[in-house]
Amino acid sequence: METSGPLEAHLLGDGPSDADVDVYRRLSADIAAGVAAVSTRLRNRDYAATVSGFLSVSYDPPTMLVSLYAESRIGEAVEESGTWALSVLSGRHQGTATWLASPGTPLHGLLAQVPFRRGPATGAAIIDGCLAWFELRTVSVHSAATHLLVVGEVVAMGSGAEASETPDPLVHFGSEFRRLAP
């Protein structure tokens, strides 16, 4: 049933103002999203970052998408390498997620204190104990505003979680990392 009365809205002009961006940031922070680490290996160097903009695109063939800031080291490395991994993080990975999301992380030794193993298909870092992991081969890259939308076909996948573990996905909501498990 349609309700009566006007819908309160913040209308945007031709180009978004700083106020428009602030309102968008506040409202989009209320979208709960899973948290993952995306990684790649390029010229014998590891690149990794925390992401909350990723999704399953298709089951046949298994395909995923990740959104990366176009001018970031990880965005440039994933685009150039053509392969990458996505590790879906659990609540116990909050420290890793914070570290990989921090501006100014070192280029050398980025993963020195993050337990990981090499993916069998791409050699990219897979975070130990992650809920699920996927290795992907890039099939397309699309520019969208300040980001790259990287679409990849899954070439290997698995889970790093123990079968006895209670699922405890790490989520991003209200501009913070949160856990679903009590």
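Visitor: What does Arg-137 count as, at 39% relative accessibility?
Guide: Arg-137 counts as partly exposed, because its relative accessibility is 39% and that class lies between buried (under 20% relative accessible area) and exposed (over 50%), computed with a 1.4 Å probe on protein chains only. This is a predicted model, in which local features need pLDDT of at least 70 and side-chain atom pairs count only at pLDDT 80 or more, while totals for chains, interfaces and linings use all residues. Residues are numbered from 1 along each chain as its sequence is written, and side-chain values use heavy atoms, with hydrogens and water left out.

Visitor: Where does Arg-137 lie?
Guide: Arg-137 belongs to strand S9, residues 132-144. Strands (E, at least two residues) and helices (H or I, at least four) are DSSP runs numbered from the N terminus.

Visitor: And which residues is Arg-137 in contact with?
Guide: Beyond its neighbours within four places in sequence, Arg-137 is in contact with Gly-82, Thr-83, Val-151, Gly-152, Glu-153 and Val-155. Contact here means heavy atoms within 4.5 Å.

Visitor: Thr-83 was in that list. Which side chain reaches its backbone oxygen?
Guide: The side chain of Thr-40 does, at 2.6 Å. Thr-40 lies in strand S2 (residues 36-42) and counts as buried, because its relative accessibility is 0%. Not counting residues up to four places away in sequence, Thr-40 touches several residues, including Asp-46, Tyr-47, Thr-83 and Trp-84.

Visitor: Gly-152 was also listed. Of which residue is Gly-152 the bridge partner?
Guide: Gly-152, in S10, is the bridge partner of Met-64. S5 and strand S10 (residues 147-158) pair in the antiparallel sense over 7 bridges; two strands pair if DSSP finds at least two bridges between them.

Visitor: What do S4 and S5 form?
Guide: S4 and S5 form a hairpin, with 2 residues between the strands. Strand S4 covers residues 54-59 and strand S5 residues 62-69, and their antiparallel pairing runs over 5 bridges. Within this pair, Phe-54 has Val-66 in S5 as its bridge partner.

Visitor: A change of topic: how many salt bridges are there?
Guide: The count comes to 7 salt bridges, each being a side-chain nitrogen of Lys or Arg within 4 Å of a carboxyl oxygen of Asp or Glu. One of them joins Asp-46 and Arg-118, with the closest N and O atoms 2.6 Å apart. That pair links distant parts of the chain, 72 residues apart, with Asp-46 in strand S3 (residues 45-51) and Arg-118 in strand S7 (residues 116-118).

Visitor: Which residue forms a salt bridge with Asp-168?
Guide: Arg-179 does, with the closest N and O atoms 2.3 Å apart. Asp-168 sits in the loop between S10 and S11, while Arg-179 is in strand S12, 11 residues apart. Asp-168 is buried at 9% relative accessible area, whereas Arg-179 is partly exposed at 46%.

Visitor: In what order do the strands of the sheet with S12 run?
Guide: The order is S1-S11-S12, an open sheet of 3 strands with antiparallel pairing. Its edge strands, each pairing on one side only, are S1 (33-34) and S12 (176-179). Strand S11 (residues 170-173) is joined to S12 by 4 bridges, and Phe-173 stands opposite Glu-176 in S12.

Visitor: With which residue does Glu-176 form a salt bridge?
Guide: Glu-176 forms one with Arg-178, and their closest N and O atoms are 3.7 Å apart. Glu-176 is partly exposed, with a relative accessible area of 44%.

Terms used:
A polar contact is a pair of N or O atoms within 3.5 Å; within protein, one must be able to donate a hydrogen and the other to accept it, and residues adjacent in sequence count only if both atoms are side-chain atoms.
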